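Please open the model in a viewer and keep the sequence panel at hand.

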Amino acid sequence: ESMVAVDRFYAEGGFGAFLRQYDKVHNLLKGYMIMKPGFHMRNYFSAVFMNYLDGVQFSSYRQFQNAYWQHEYDKAVAMNMPRRAESMKKAMKVRGIRGQASAADMDIIRQLDAEGLIGGAQGQIGTEFAPGTNVVGGKLAKALQAVNPVSSRNAPLRLSRNVGVGTETYVRGVMAFDSLKRGDLAEEAFERVMKFHFD
């Protein structure tokens, strides 16, 4: 009976199948553990402190924010994505951004984007909690997924992940922006960010 049980275990995928199920449950657990404002605020303040330790200028925060959002808006317009452009415009209004980025700041942001130093790397949150795959189906299937507490793509977990990724994009982007502003190369900016922020 033991040998038959072992054969069945291997036929059903063995330890790999167990680990896949374990990973799903573990991922869901991590998503719920970090889904609280205190986690994201602590993450933000500790990252700002790390930036401070390495001499990031406070002016870089607002300069990066203005240039980053203007750049995202410009990209949406250039890619003929009117809904995204409108969403960017609303986000800029909420943040008090009204075309205040200088040409020099925009050049830095474009260089960071070309080098993949903003928006691509999701930082610790992006690797800590993966949202899983989209549900195939219509609006009803997506609505059910959004309220399903055992789905890693439910609305509260997705919101939490977006907040975390946005926070890390901001604080890492500010450091990279500050690096290029002071004359560093893109490679040096990358090394600086990796030295001071979790990956």
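Select α4 (59-78) and α9 (155-181), two helices that pack at an angle of about 105° with their axes 9 Å apart. Axes here are lines fitted to C-alpha atoms, for helices over the stretch in contact, and angles run from 0 to 180 degrees between N-to-C directions. α4 is therefore roughly perpendicular to α9; angles of 65 to 115 degrees receive that label, those under 35 count as roughly parallel, those over 145 as roughly antiparallel, and the rest as oblique. On the α4 side, display S59, S60, Y61, Q63, F64, Q65 and Y68; on the α9 side, T169, Y170, G173, V174, F177, D178 and K181 form the contact (contact means heavy atoms within 4.5 Å). These residues divide into 6 nonpolar, 6 polar and 2 charged. In this division Ala, Val, Leu, Ile, Met, Phe, Trp, Tyr, Cys and Pro count as nonpolar, Asp, Glu, Lys and Arg as charged, and the others, Gly among them, as polar.

The model is predicted: local features need pLDDT of at least 70 and side-chain atom pairs count only at pLDDT 80 or more, whereas totals for chains, interfaces and linings use all residues. Residues are numbered from 1 along each chain as its sequence is written, and side-chain values use heavy atoms, with hydrogens and water left out.

α3 contributes H40, N43, Y44, A47, V48, M50 and N51 to the contact, and α9 contributes S160, V163, G164, T167, E168, Y170, V171, V174 and M175. By class, the residues of this contact are 9 nonpolar, 6 polar and 1 charged.

Return to α4 and select Q65. Q65 is buried, with a relative accessible area of 15%; buried means under 20%, exposed over 50%, and partly exposed in between (1.4 Å probe, protein chains only). Apart from neighbours within four places in sequence, Q65 is in contact with R95, I97 and Y170.

Follow that list to I97, in the loop between α5 and α6 (103-114). I97 counts as buried at 4% relative accessibility. Not counting residues up to four places away in sequence, I97 touches R62, Q65, N66, W69 and M92. From I97 to W69 the C-alpha distance is 7.9 Å, across 28 residues of sequence.

α9 gives the most to the lining, with 8 residues. The lining comprises 8 nonpolar, 7 polar and 6 charged residues.

Finally, select N27 in α2 (residues 14-33). N27 is buried, at 14% relative accessible area. Its C-alpha lies 7.7 Å from that of S152, 125 residues apart along the chain.

Zoom out to the chain, which has 10 helices and 0 strands; helices (H or I, at least four residues) and strands (E, at least two) are DSSP runs, numbered from the N terminus. Of the 199 residues, 37% are buried.
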